Amino acid sequence: MHRAYNDANIFAKILRGEIPNDTVYEDDYVLAFRDINPQKQIHALIIPKGRYTDLTNFCDRASDNEIIGLMRAVPKVIDALGVDEMGYRIISNIGEDGQQEVPHLHLHILGGEVVGPLVS
Ligand code: 5GP
């Protein structure tokens, strides 16, 4: 299903520099920053710079370079966060049942402590 992209979403505003963020890593394809309401000791978000609502939408519509760009950024962000050795979890919420709040694709990275059960 195709969800229309809304340029007023909070991550679009962050990408446009209208709202400050605590940047962890940035390159041509992605921005990674700390979550404003961390659920674990380390909680960051990686977002593509393109206008994609969620992972399905991104995998369907993004260019190969954008997809490679996001995937190649993951280890760089993990390195910047220092969670590689102890491990971490990546989650992407999609749509209503996934309880996605911000309709711009983001990968949550959670770590810095035992993350706990997959779902609560
Ligand atoms: P979702 O529920 O859409 O998967 O997650 C959205 C995440 O964005 C939440 O963890 C929330 O705390 C985070 N968030 C919402 N607004 C802001 C913001 O203005 N700045 C930052 N850094 N994170 C935000």
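Which element gives the most to the shell around the ligand? It's α1, with three residues. Keep in mind that this is a predicted model. The ligand takes up the space of the largest pocket, and the protein around that pocket is a chain of three helices and five strands.

**The chain as a whole**
- Reading from the N terminus, you go through the elements in the order α-β-β-β-α-α-β-β.
- The chain has a radius of gyration of 14 Å, close to the 14 Å that the globule rule gives for 120 residues, so it's as compact as a globular protein of that length.

**Who lines the ligand**
- There are 17 residues around the ligand, and Asp35, Asn93, Glu101, His106 and His108 are the ones that come nearest.
- Sorted by class, the shell is made up of seven nonpolar, seven polar and three charged residues.
- At least two shell residues come from each of α1 (10–15), β2 (30–34) and β3 (42–48).
- Of the elements, α1 is the top contributor to that shell, as its three residues show.

**Polar contacts and cover**
- Asn93 uses its side chain here: an N or O atom in it sits 2.8 Å from an oxygen atom of the ligand.
- His108 also reaches the ligand through its side chain, with an N or O atom 2.8 Å from a ligand oxygen.
- On its own the ligand has 520 Å² of accessible area, and the protein covers 86% of that.

Methods
Residues are numbered from 1 along each chain as its sequence is written. This is a predicted model: local features need pLDDT of at least 70, side-chain atom pairs count only at pLDDT 80 or more; totals for chains, interfaces and linings use all residues. Side-chain values use heavy atoms; hydrogens and water are left out. A residue is near a molecule or strand if one of its heavy atoms lies within 4 Å of it. A polar contact is a pair of N or O atoms within 3.5 Å; within protein, one must be able to donate a hydrogen and the other to accept it, and residues adjacent in sequence count only if both atoms are side-chain atoms. Accessible areas come from the Shrake-Rupley method with a 1.4 Å probe; for residues, only the protein chains shown count as cover. On a 1 Å grid over the protein atoms alone, a cavity is a set of points where a 1.4 Å probe fits but cannot get out, and a pocket is an open set with protein on both sides within 12 Å along at least five of seven lines; lining residues have an atom within 4 Å of a point. A molecule sits in a cavity or pocket if more than half of its atoms lie within 2 Å of its grid points. Helices (H or I, at least four residues) and strands (E, at least two) are DSSP runs, numbered from the N terminus. Ala, Val, Leu, Ile, Met, Phe, Trp, Tyr, Cys and Pro count as nonpolar, Asp, Glu, Lys and Arg as charged, and the others, Gly among them, as polar. The radius of gyration is taken over C-alpha atoms; the globule rule is 2.2 Å times the number of residues to the power 0.38.
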